[in-house]
Amino acid sequence: MSEKQYSLSQLGWKPYFNQQLNLDELENCAPFRVVQVFRNRLLVWGENVEKSISLAEHPELTECTVGDWILFSQTSESHQTDQTIRILERASFFQRKAPGSISAQLIAANIDTAFIVSSCNQDFNLSRIERYLALAKEAQTEAVLVLTKSDLVDQEQQYAYLDQLNDLQPHLMVVLVNALDPESCKPLLDWYKTGQTCVLLGSSGVGKTTLTNTLCATEEKTAPIREDDSKGRHTTTARALFFTQSGGLILDCPGMRELQLTDCEEGVKAVFDDIQQLALKCKFSDCQHQLEPKCAVQAAIVAGTLDERRLVNYQKMLNEQTRNTMSLAESHQKDREFGKLIKSSQQLKKTTRET
Ligand SMILES: Nc1nc2c(ncn2[C@@H]2O[C@H](COP(=O)(O)OP(=O)(O)OP(=O)(O)O)[C@@H](O)[C@H]2O)c(=O)[nH]1
Ligand SMILES: [Zn+2]
């Protein structure tokens, strides 16, 4: 445990969390925010204090993600043996299908704004941007598009990107930056007011870590948080919260090579609301918008008012999230059935022993 100078409101504490505490908890408990998740411990910040929480001692916290608020009792003097009361209900959370597994992986919790980072080069991809927008919509979080590497393209090219984004979503907030230049990144600090938490989402190499370093206070960037892995090597750990120069909190999500959606139907539908609206005018209520007669979606593509790429991406994302959500539900069902099987076989053994 070490002393720090944070107030709860600087850490993002809001009435939404306060309302979840009863009178006894308000008096005898203390909230802590998860700043970083390591393999076997959590780094948490509370009012003027930083603590490391062993997951072996607190297995109930294994499901925590960066940004979570945990309520601990304040009974012990040492703070080492504090009881976990609970993980507070999240105001928002981001999840994806964990790569190489059917389970969902929490990416971040209690985020105010999602910066979707893309760069002004071959990484610029509308279908990928739609994917991140769906994730932000599902989390009911404001999304801002950050186009990095603006210094690598001329103005004409910059306008071409902006036009494409405007066609995609006319009211989408877009900020063009050179992530290496603090002056150019300054407009982003408007979102990083004290108590506000923003996550950086985007493919590997688009400049998220560069942006984090540029926006953070100097001492943060010279102190990368590292941890020994099992072989004694130092590894730079993944997601972590940092204070920006303007007092907000930034969450970098490095190394996201794959973003497979799960449990994201509302988000996908919201991003493709134009297609949803057109579909209401199709002749058949279950129209798949392929070869059916009087399909309003296909008619819009023919008329040039809907980009075919958008329909393809919409159907791809919807199918993907359905498949991933179903396989998760099926696996839970299988787990439950397996649990029941074990229980009944134990019961059977017990009865056989007793008779
Ligand atoms: N010229 C220029 N280079 C940039 C800019 N942003 C990032 N870079 C460079 O692009 C490379 C990748 O940037 P990173 O910040 O590591 O990318 P990242 O998104 O954090 O990547 P992961 O950590 O793998 O997720 C680095 O060499 C940066 O210096 C920019 O705005 N302009
Ligand atoms: Zn149709």
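## Overall make-up

Of the contacts in the protein chain with a separation of 6 or more, 66% are between residues 24 or more positions apart; a contact is a pair whose C-beta atoms, placed from the backbone, lie within 7 Å. This is a predicted model, in which local features need pLDDT of at least 70, side-chain atom pairs count only at pLDDT 80 or more, and totals for chains, interfaces and linings use all residues. Residues are numbered from 1 along each chain as its sequence is written, while chains are lettered from A and ligands numbered from 1 in the order in which they are written.

The protein chain holds 11 helices and 16 strands. Both are DSSP runs numbered from the N terminus, helices being H or I with at least four residues and strands E with at least two. The chain has 355 residues, and 33% of them are buried. Buried stands for 20 or more other C-beta atoms within 10 Å of a residue's own, exposed for 12 or fewer, and partly exposed for values in between, with C-beta atoms placed from the backbone.

## Domains and their contact

The protein chain divides into domain 1 (2–87), domain 2 (93–252) and domain 3 (265–351), with bounds from an automatic or database domain assignment. Nonpolar covers Ala, Val, Leu, Ile, Met, Phe, Trp, Tyr, Cys and Pro, charged covers Asp, Glu, Lys and Arg, and polar covers the others, Gly among them.

## The nonpolar core

The largest nonpolar core contains 73 residues, and those with the most contacts inside it are V44, F115, I116, V199, L200, L201 and L251. Such a core is a set of buried Ala, Val, Leu, Ile, Met, Phe, Trp, Tyr and Cys residues joined through C-beta atoms within 7 Å. Helix α3 gives the most to this core, with 6 residues. Leaving aside neighbours within four places in sequence, F115 is in contact with V144, V146, C198, V199, L200 and L201.

L145 is found in strand β10 (residues 142–148). Because 23 other C-beta atoms lie within 10 Å, L145 counts as buried. Beyond four places in sequence, L145 is in contact with I116, S118, I129, L165, L172, M173 and V174. L145 and C216 are 71 residues apart along the chain, and their C-alpha atoms are separated by 19 Å.

## Around ligand 1

Ligand 1 is surrounded by 17 residues, the closest being S204, G207, T209, T210 and P254; a residue is near the ligand if its C-beta atom, placed from the backbone, lies within 6 Å of it. The shell consists of 5 nonpolar, 9 polar and 3 charged residues. Helix α6 (residues 208–215) gives the most to this shell, with 3 residues.

N213 lies in helix α6 and counts as buried because it has 20 C-beta neighbours inside 10 Å.

## The loop between β16 and α8

L261 is placed in the loop between β16 and α8. With 25 C-beta neighbours inside 10 Å, L261 is buried. Not counting residues up to four places away in sequence, L261 touches R96, K97, R131, A134, L135, V268, M317, E320, Q321 and N324. L261 and C216 are 45 residues apart in sequence and 30 Å apart in space, C-alpha to C-alpha.

D263 is in the loop between β16 (249–252) and α8 (265–271). D263 has 17 C-beta neighbours inside 10 Å and so counts as partly exposed. Phi of D263 is positive, near 50 degrees, although D263 is not a glycine.

N110, in the loop between β8 (104–109) and β9 (113–119), is not a glycine but has a positive phi of about 60 degrees. N110 is buried, with 27 other C-beta atoms within 10 Å.

In helix α10 (residues 296–303), the buried residues are V297, Q298 and A300. Seen down the axis of α10, these residues fall within an arc of 155 degrees, so they line one face of the helix; the arc is that of the directions from the helix axis to the C-beta atoms. V302 and A303, on the other side of α10, are exposed. G304 follows α10 and has a positive phi, near 85 degrees.

Notes:
Two residues are in contact if their C-beta atoms, placed from the backbone, lie within 7 Å.
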